[in-house]
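Try each task on your own before reading its solution.

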Amino acid sequence: MEIIQIVGLGLVATVLVLVVREQKPMFAFLLAAFTGLFIFLYVIGKIEAVITVLEQLADRSGIPSIYLKTILKIIGIAYIAEFGSQIVRDAGQESIASKIEFAGKILILVLAVPIISVIVETVLGLLPVGS
């Protein structure tokens, strides 16, 4: 039960942050940021198994690997943007956090354009011609 360890680490770090915040707010922020980074790096390793399964499914279904890689990049951008904005939000910089989220959304949109165009072309190819 890895989630129990992660929640336990989060709770201990939260108590430490609350204790340290009164005396040294910068250390409290660093403690929160490193805890978040540790948890992020711990769980990011679990994604490799999911990616392997998705690649196998894409190979069996005949989906070109470029589309799967693009979707995985989109998911990665979403996770990293969310993680970064949460750390910045923890530091009390709501405005910068919003900008990070906005940048993530723009990058996701840019990566999604080729997939959207293929979907539209596929749908147009299914429609009857001439009417």
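**Exercise 1.** In which helix is the place of Thr 35? Work out also whether Thr 35 is buried or exposed, and which residues it touches beyond its sequence neighbours.

*Solution.* Keep in mind that this is a predicted model.
- Step 1: locate the residue. Thr 35 lies in helix α2.
- Step 2: judge its burial. Buried means under 20% relative accessible area. Thr 35 has 13% relative accessibility, so it counts as buried.
- Step 3: look for partners. Setting aside residues up to four places away in sequence, Thr 35 touches Leu 9 and Ala 13.

**Exercise 2.** Describe how α1 and α2 pack: at what angle do their axes cross, and which residues make the contact?

*Solution.* 
- Step 1: take the geometry. The axes of α1 and α2 come within 8 Å and cross at roughly 170°.
- Step 2: name the arrangement. Angles over 145 degrees count as roughly antiparallel. That crossing therefore makes α1 roughly antiparallel to α2.
- Step 3: list the contact. From α1 come Glu 2, Gln 5, Ile 6, Leu 9, Ala 13, Leu 16, Val 17, Val 20 and Arg 21. The α2 side supplies Pro 25, Phe 27, Ala 28, Leu 31, Ala 32, Thr 35, Phe 38, Ile 39, Tyr 42 and Val 43.
- Step 4: sort by class. The contact of α1 with α2 holds 15 nonpolar, two polar and two charged residues.

**Exercise 3.** Zoom in on Ile 6: which residues is it in contact with, leaving aside its neighbours within four places in sequence?

*Solution.* 
- Step 1: find Ile 6 in helix α1, which covers residues 2-21.
- Step 2: check its accessibility. The value for Ile 6 is 18%, so this residue counts as buried.
- Step 3: collect its contacts. Outside its sequence neighbourhood, Ile 6 is in contact with Ile 39, Tyr 42 and Val 43.
- Step 4: Ile 6 and Val 43 are 37 residues apart in sequence, and their C-alpha atoms are 9.4 Å apart.

**Exercise 4.** Turn to the pair α2 and α4: which way does α2 pass α4, in a right-handed or a left-handed crossing?

*Solution.* 
- Step 1: start with the axes. Helix α2 (residues 25-44) and helix α4 (residues 65-90) have axes that come within 10 Å and cross at roughly 165°.
- Step 2: classify the angle. It makes α2 roughly antiparallel to α4.
- Step 3: read the handedness. The crossing of α2 past α4 is right-handed.
- Step 4: name the contact. α2 contributes Phe 29, Ala 33, Gly 36, Leu 37 and Phe 40, and α4 contributes Ile 80, Phe 83, Ile 87 and Asp 90.
- Step 5: sort by class. There are seven nonpolar residues, one polar and one charged in the contact of α2 with α4.

**Exercise 5.** Which residues of α4 are buried, and what covers them?

*Solution.* 
- Step 1: check the length of α4. Its 26 residues reach 37 Å from first C-alpha to last, close to the 38 Å expected.
- Step 2: list the buried positions. They are Leu 68, Thr 70, Ile 74, Ala 81, Phe 83, Gly 84, Ser 85 and Val 88.
- Step 3: identify the cover, which includes α2, α3 (47-61) and α5 (94-126).
- Step 4: take two examples. Thr 70 counts as buried at 13% relative accessibility, and it is in contact with Leu 111 and Ile 115 outside its sequence neighbourhood. Ala 81 counts as buried at 12% and, not counting residues up to four places away, touches Ile 100 and Gly 104.
- Step 5: Ala 81 and Glu 101 are 20 residues apart in sequence but 5.7 Å apart in space, C-alpha to C-alpha.

**Exercise 6.** At what angle do α4 and α5 pack, and which residue just after α4 takes a positive phi?

*Solution.* 
- Step 1: α4 and α5 pack at about 175°, with axes 8 Å apart.
- Step 2: the two helices are therefore roughly antiparallel to each other.
- Step 3: their contact divides into 16 nonpolar, five polar and five charged residues.
- Step 4: just after α4, Gly 92 takes a positive phi of about 85°. Just after α3, Gly 62 also has a positive phi of about 85°.

Definitions and conventions: Residues are numbered from 1 along each chain as its sequence is written. This is a predicted model: local features need pLDDT of at least 70, side-chain atom pairs count only at pLDDT 80 or more; totals for chains, interfaces and linings use all residues. Side-chain values use heavy atoms; hydrogens and water are left out. Axes are lines fitted to C-alpha atoms, for helices over the stretch in contact, and angles run from 0 to 180 degrees between N-to-C directions. Helices (H or I, at least four residues) and strands (E, at least two) are DSSP runs, numbered from the N terminus. Angles under 35 degrees count as roughly parallel, over 145 as roughly antiparallel, 65 to 115 as roughly perpendicular and the rest as oblique. A crossing is left-handed if the near helix is turned anticlockwise from the far one by less than a right angle, and right-handed if clockwise. Contact means heavy atoms within 4.5 Å. Ala, Val, Leu, Ile, Met, Phe, Trp, Tyr, Cys and Pro count as nonpolar, Asp, Glu, Lys and Arg as charged, and the others, Gly among them, as polar. Buried means under 20% relative accessible area, exposed over 50%, partly exposed in between (1.4 Å probe, protein chains only). The expected span of a helix is 1.5 Å times one less than its number of residues.
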